[in-house]
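Then read on for a guided walk through some of its parts.

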Amino acid sequence: MSLFGKKKKKKHQSEEAIMQEMLAGIQQSEEAKVKRHKRRGRRLLPSWVDRRLLIGLAIIVVAVIADGVRRENEEFYAKVTKVYGPCMLYASVRSPGAALEVGAQLSNRNVVRTGSQSSVVMEFPDGSVVTVGPSSTLVVKMLEYNRGGAWRTRSFFLQAGQVWGRVSPHFGSDSKLKIHTPSSVAAVRGTTFSVYQGPDGKSSEVTCVQGHVEAQGFTGVPQLVVANTQAKVKVGSSARSPRNMSEAQTTTFRQVDLFKEIPDEHWLKVLELTITQMLDAPLNVLGIGKCSWGVGAADFARRTNALTGLRLLHQHIEGHAQFPAYINPATIRELGIPAEHSRRILSVFDGDAIELYRRSGRGF
């Protein structure tokens, strides 16, 4: 309005002017938003922090976690490093075979068969080594790893022939390595050892040149086999007292792979596995890595399944007119259960085998 109470006439604006005015208003509004966002960013982060630095750090962390998971996944395999002569690899006992080659990765249920003049060397990420000798059949029962390397479980079944092995000092004090045969069980710790199983399946020999091995028959108490001694075990009997090795047996251990230097674990590997161990819960929830669905990750479910498996075993034993005198813990063939059913029962136990069976009167 004017001083005299009359309305001031508005200037007529062109459409172009109106559009320019609207665009200017939008531009001012967007600039104000950017300024507010920058002020909030300054309050959250120090002035010297560049976002590109944070993005770079995030990429490095993701790469470290991914490489740590890769290292964990390698623990679930044995890598074939040497093959001498014709050897065969089977995905499982009933699968068709193929020629075994250097670089192959062996996992649970795989079977290795060597010829009369053949042998195979396999290595593990911690530096442990297993050599499969001539005319041998070795089944990989279970390779298990706990996130962070707190423990490892390695279980094999030597159907016939001979294996030599060296357990790395990085294997872990709570880890377990067992070689099952048709007549015995050898429980190995940090040591260099050998297990021989005769072709008739009636007897085996457990030999040690460093450390100690526990030789267990299917009955009786185990025998501690110390350096430079061996113990024989007949099927259905307890292990005999160890005796000194012969010169011929000592000669069989003269293998480069059993005595080569095992280096200290690289600091980057230790760092990566420490980080993945700290992130165990979220990695398990997301199902990232083989550790997230391994035996160790599903401990409660495994215990429940193991109890169910024990009940099934009890039912089979109760069905016998007389309880068996002994049972092979890796095959439970003495119960007369079909092989496929036996494998399903044993698969829920640590090491893919039961620990021990003892008959006590009519109980077990």
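What follows is a short tour, from the whole chain down to single residues.

## The big picture

First, some ground rules. This is a predicted model, where local features need pLDDT of at least 70, side-chain atom pairs count only at pLDDT 80 or more, and totals for chains, interfaces and linings use all residues. Residues are numbered from 1 along each chain as its sequence is written, and side-chain values use heavy atoms, with hydrogens and water left out.

The protein chain has eight helices and 17 strands. Those come from DSSP runs (helices are H or I with at least four residues, strands are E with at least two), numbered from the N terminus. Of the 364 residues in the chain, 38% are buried. Here, buried means under 20% relative accessible area, exposed means over 50%, and partly exposed is in between, using a 1.4 Å probe on protein chains only.

Contacts, meaning heavy atoms within 4.5 Å, tell you about the fold too. Among contacts in the chain with a separation of 6 or more, 54% are between residues 24 or more positions apart.

## One side of a helix

Now find helix α8, which covers residues 339-346. Which of its residues are buried? They are Ser-342, Ile-345 and Leu-346. These three cover an arc of only 90° around the axis, so they sit on the same side of α8. The arc is taken from the directions from the helix axis to the C-beta atoms.

What do the buried residues of α8 pack against? Their partner is α7, residues 299-318.

## A hole inside

Rolling a probe the size of a water molecule over the atoms shows where empty space is left. A search of the whole structure turns up one cavity of 30 Å³ or more. On a 1 Å grid over the protein atoms alone, a cavity is a set of points where a 1.4 Å probe fits but cannot get out, and lining residues have an atom within 4 Å of a point. The largest cavity holds about 50 Å³ of space; grid points are joined across faces, edges and corners, and the volume is the space filled by probe spheres set on the points.

Who lines the largest cavity? The residues are Phe-124, Ser-128, Val-129, Val-130, Arg-154, Phe-156, Gly-165, Arg-166, Val-167, Leu-177 and Phe-193. The elements giving two or more residues to this lining are β7 (129-132) and β9 (152-166), and β9 provides the largest share, with four residues. By class, the lining has seven nonpolar, two polar and two charged residues. In this scheme Ala, Val, Leu, Ile, Met, Phe, Trp, Tyr, Cys and Pro are nonpolar, Asp, Glu, Lys and Arg are charged, and the others, Gly among them, are polar.

Ser-168 sits in the loop between β9 and β10 (176-180). Ser-168 counts as buried because its relative accessibility is 2%. Leaving out neighbours within four places in sequence, Ser-168 is in contact with Asp-126, Gly-127, Ser-128 and Ile-262. Its C-alpha atom is 9.9 Å from that of Glu-261, 93 residues apart along the chain.

Thr-192 is in strand β12, residues 192-197, and is buried with a relative accessible area of 0%. Apart from residues up to four places away in sequence, Thr-192 touches residues including Gly-165, Arg-166, Cys-208 and Phe-253. Gly-211 lies in the loop between β13 (203-210) and β14 (212-216) and is partly exposed, at 38%. Between Gly-211 and Gly-190, 21 residues apart in sequence, the C-alpha distance is 6.3 Å.

## Cysteines and positive phi angles

How many disulfides does a search of the whole structure find? The count is zero, where a disulfide is a pair of cysteine sulfur atoms within 2.5 Å. Cys-87 is buried at 4% relative accessibility, and Cys-208 is buried at 0%.

Finally, check two backbone angles. Arg-109 has a phi near 80°, a positive value in a residue other than glycine. Arg-109 lies in the loop between β4 (105-106) and β5 (111-114) and is partly exposed, at 29%. Asp-352 has a positive phi too, near 60°. Asp-352 is in the segment after α8 and is buried, with a relative accessible area of 5%.

How values were computed:
On a 1 Å grid over the protein atoms alone, a cavity is a set of points where a 1.4 Å probe fits but cannot get out, and a pocket is an open set with protein on both sides within 12 Å along at least five of seven lines; lining residues have an atom within 4 Å of a point.
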